[in-house]
Amino acid sequence: MYEALYRKYRPQTFDDVVGQEHITETLKQQIITGRLSHAYLFVGTRGTGKTTCARILAKAVNCEHPVNGNPCLRCDTCRAMEAGELMDVTELDAASNNGVDDVRMLRDEAVFSPTRAKKRVYIIDEVHMLSKPAFNALLKILEEPPEHLMFILATTELNKVLPTILSRCQRHSFRRLDADTVAQHLLKVAQKEELTLTEDAAQLLGRLADGGMRDGMSLLDQCASKKLVDRDTVLSAMGLMGATFTAELAERLAQRDTEGALLFFREMWQEGKDPATLLGELASFYRDALMLRLAPKGGGELLSGLYDTGTLRAVTGSEGELLNSLNVIEKYLSGMRDAANPRLQVELCLIELCGLEAAKVVYVPAAQEPKSAPAPVKRSENTKKPVPEKKAEPVPAPEPPAEEAPPWEEPPYIPPAEDFEEEPYIYPDEPPAEDYPPFEETPSYEEPPVCEPELPYEESTPASPAAPEGHPDWRSIVDALKDKLDVGTHMLFTDDFAVSGSWENGELIIEVMPGFYMNMLNKSDVIEAVQAVCGAAVHFRELRSPAEIREDKLNALSRFDNVIFQ
Ligand SMILES: [Zn+2]
């Protein structure tokens, strides 16, 4: 049976342990002098050698003839322990035995002297996983430990260990190994295994191991199906051949080639590339490029090693731009988990990386087509105030007031301050402006809840603007388009932030974010499909700028269509 490399080459003595000399030398001295603690706490990230050192320590304290602080590996006790036959050494994994019963049982058992060895040793892995009652039971033993007892606790999360436990243990912190230490060790192991491991492949594995020797060994295992392990072997075994593609994608982004980047992504998507993985790799690429800029000399240790430095140096753009790109990717990555459409997330991310600042495009519903003919709004030249030509019918509040509200006295709608100062709005039925009560005296009136572009659309108004009679609303048009268009094109229609439709004078106006979306949608076959669904003329228009939207908002207000009083 094949034995995993990390098991096969698991250190047997303190001297075999790589990269934790600050701990192993101390422990060896304690064995030599006999000044042992009754409780140790080993802290460190996974795969750094905590359990291995715990076993070596348990062996060393019980060894009949320790050699310079190391277990001899030859005496009966050493061999019994190696064979797993020494009942006096018990390993517990708190992750699976976190019950208080286990610790109580341990406590009852612990009072008995060891059967064969000098000390009864309990190794409790992932001790932070113990339940609180179990912790307390453990504390009882640690308070007054019998002479023959030794505890070796290990944890990856120091902050979850009770302070009362910490204060009773001698603490040792295992550090992450640097990439070169892992690489050098892997080269030695490869030699023993008669594998040809190239230096750059070893360095890459060392970086991928992320500080843990066990991970480094497992990674080597995965690559070891061939006798020659070089850089390409590692990349392909780790599924990282995408690294070259990532660099290529980044190049298109650097050229602001939105179309090229999107097409490139589409290709990778069709080959089965996971969207989140792709963004993750792109982030690591930009990160490496940034690290190389910030630490050009000593930065090798900071790099992931997936990209050669020549490629990274070729990345254009300032440090600030790289940082910005990273922030953009992180934003989309963090939203990816809950996204209904991960592919769209990547597309939006790429578009934003190409310089289009989607965050600045504010979406508000297009002005609605009123059910009755609207009073067209004109602006008189001298006052610059919108004055309706004729009386509009008063429109009742669409929703009843939430609480007992003062009687309806046509309170003035207060538009956002900057709009108001310049263009005070006059209601159709109100007396002329000069008789209008000042705003300070208006009845208590809450912050206008609608028509604020900052508010998410759904919170203030129905999900889809009501369509004029005889016309389907936008949502149902989009739904019906599903059968008429290919999936990719239809998906663009579902993006509320980039595409919206509304009725104007019997025509369907589709407002679309300029650039990619417009290029993809404003095509004759798409227009035909939409016309077939909505049964009317269809026009495309660029999604309006915030200034235009503000103006529209004022016009919409004059029709009371959008206002909800609460
Ligand atoms: Zn021994």
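Across which strands does helix α20 lie? In this predicted model, helix α20, residues 474-481, lies across β10 and β11. The helix runs at about 120 degrees to β10.

Both strands belong to an open sheet of three strands. The order is β10-β11-β12, and the pairing is mixed. β10 (499-504) and β12 (538-542) stand at the edges. Each has a single partner strand, so one side of each is left without a neighbour in the sheet. Direction ignored, neighbouring strands are turned by 25 degrees against each other on average. Strands of a sheet pair through backbone hydrogen bonds, either parallel or antiparallel. Strand β11, residues 507-512, runs parallel to β12, and five bridges join the two. Val512 has Glu542 in β12 as its bridge partner.

The zinc site is found elsewhere in the chain. Four cysteines coordinate the zinc ion through their SG atoms: Cys63, Cys72, Cys75 and Cys78. The distances are 2.2 to 2.3 Å. Along the chain, the donors follow the spacing C-x8-C-x2-C-x2-C. The four donor atoms subtend angles of 99 to 120 degrees around the zinc ion, which makes the arrangement tetrahedral. Every angle must lie between 85 and 135 degrees for four donors to count as tetrahedral. Cys75 is buried, because its relative accessible area of 6% falls under the 20% cut-off. Cys78 is buried as well, with a relative accessible area of 2%.

Helix α3 covers residues 50-62. At 1.5 Å a residue, its 13 residues should span 18 Å. The end C-alpha atoms are 19 Å apart, which agrees with that expectation. Of these 13 residues, 12 are buried, so α3 is largely enclosed by the rest of the structure. Among the buried positions are Lys50, Lys59 and Asn62, along with Ile56, Leu57 and Val61. Cys53 is also one of them.

Definitions and conventions. Residues numbered from 1 in each chain as written. Predicted model: local features only at pLDDT ≥ 70, side-chain atom pairs only at ≥ 80, totals over all residues. Heavy atoms only, no water. Donors = N, O, S within 2.8 Å, 3.2 Å for Na, K, Ca; no water. Tetrahedral: all angles 85-135°; square planar, octahedral: opposite > 155°, others 65-115°. Buried < 20%, exposed > 50% of the residue type's maximum accessible area, 1.4 Å probe, protein only. Pairing = 2+ DSSP bridges. Helix = DSSP H or I, 4+ residues; strand = E, 2+ residues; numbered from the N terminus. Axes fitted to C-alpha atoms, helices over the stretch in contact; angles between N-to-C directions. Contact = heavy atoms within 4.5 Å. Expected span 1.5 Å × (residues − 1).
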